[in-house]
Amino acid sequence: MDKPTVLDGDFETELRRHFPDADQYGTLFALRAFTINSKALHNTHMAYLRAGARIIRTNTYRIIPDVMQLLQLDSIEYMSLIYLAVIAANTAVKMYAIEMGYDLNSEEYKRNRPLVAGSCGSCLFSLVHNMRDKWNIPVEVLHRLSQTEIIQFHKTRVMKLLRAGVDLLTFESIPTMNELRAIFTLLKSYKTARVLISLLCSDDGRLMDGHDFRDVVRRIRYLLPCQLFTIGAECRRPETMITIMESINSHGRAKIPFLLYIDKSHTLENTGASSAAPSQSHVQELIARGIRYIAGGIETNAMDTRVICTYVDSFCRPTCQDDVSSGEASTSFKPSSYQNIKTLSKL
């Protein structure tokens, strides 16, 4: 069994622990931190890396066109935020490697370092401030946007993230096939970009516009055969998505290394690390049923990421060849699942 790769959790939740004055700046405090407390951004990334996250996401989830007006930025200042976000994440990866004693010029570092994912939220987030409200936005609102409008929404951020040097792009919480089509069109201009796509699903396992998750997965694999990193899902009933993902892989020749998010609202238990952390049984069920990427969802922090990594270690250690041969745990510099990237490109 390949050990699942753990992504970081909710950037803003962890950032609040390093940015005491966050509440003074409203919902855009994560963007205000670029100029007010950039050290807090660095410390947030470092906290997730030290907790064992193998992929960290840039602080660009809320960098959308509306921000230009809200923060009174010109186009150059707007794009510089994206650049600064990538610099912060890449710097954290390098600092973490130095802490771990690695030579930044070595092939080992280049081959095995944690990855930086450029975070691209859905155009849905131009309409919502509280992340928990995203399941309540009428999808009819999104259907009013044309393909051209959606492409323009994503275009600048995607271009700048790739130019700044992210390892892959993450299009997260995509609720409709309409937005996916726009993303497919945009990616035609960036054929070498690796892509993680997570879909926002209703309780019955369909996209918010009613499209069947299975059909959408087939479409993504067909249109992005060489760019696809993994496919994920966000759902208030994760057990629904686990069953669907397991079914897809049981009927397909090439197994998809699916990603699933663990939110604070999912199965939780009290631990010494935080008031409510993901339960061991829930994490182990994800692994046993074929989930290969686990990300912290809404309101999770670095403590939760550490708990998830601990559970992954304890469940996989007896059967993971890399750990047996090297003695390394998932919180070490080299993740056992990193070598699967070449395989993923064949999906």
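Predicted model: local features only at pLDDT ≥ 70, side-chain atom pairs only at ≥ 80, totals over all residues.

Biologist: Why is the contact between Glu12 and Arg62 called a salt bridge?

Modeller: The closest N and O atoms of Glu12 and Arg62 are 2.6 Å apart, and because the rule asks for a Lys or Arg side-chain nitrogen within 4 Å of a carboxyl oxygen of Asp or Glu, the pair qualifies as a salt bridge. Glu12 lies in helix H1 and Arg62 in the loop between strand S2 and helix H4, so the pair ties together parts that are 50 residues apart in sequence.

Biologist: What makes Glu12 count as buried, and how do you know that Arg62 is buried?

Modeller: Buried means under 20% relative accessible area; Glu12 has 16% relative accessibility and therefore counts as buried, while Arg62, with a relative accessible area of 12%, is buried as well.

Biologist: Which salt bridges does Arg289 form?

Modeller: Arg289 meets Glu246 in a salt bridge at 3.0 Å, N to O, a pair that links distant parts of the chain, 43 residues apart. Arg289 also forms a salt bridge with Glu285, where the closest N and O atoms are 2.8 Å apart.

Biologist: Why is Arg289 called partly exposed?

Modeller: The label covers values between under 20% for buried and over 50% for exposed, so Arg289, at 23% relative accessibility, counts as partly exposed. Glu246 at 33% and Glu285 at 32% are likewise partly exposed.

Terms used
Residues numbered from 1 in each chain as written. Heavy atoms only, no water. Helix = DSSP H or I, 4+ residues; strand = E, 2+ residues; numbered from the N terminus. Buried < 20%, exposed > 50% of the residue type's maximum accessible area, 1.4 Å probe, protein only.
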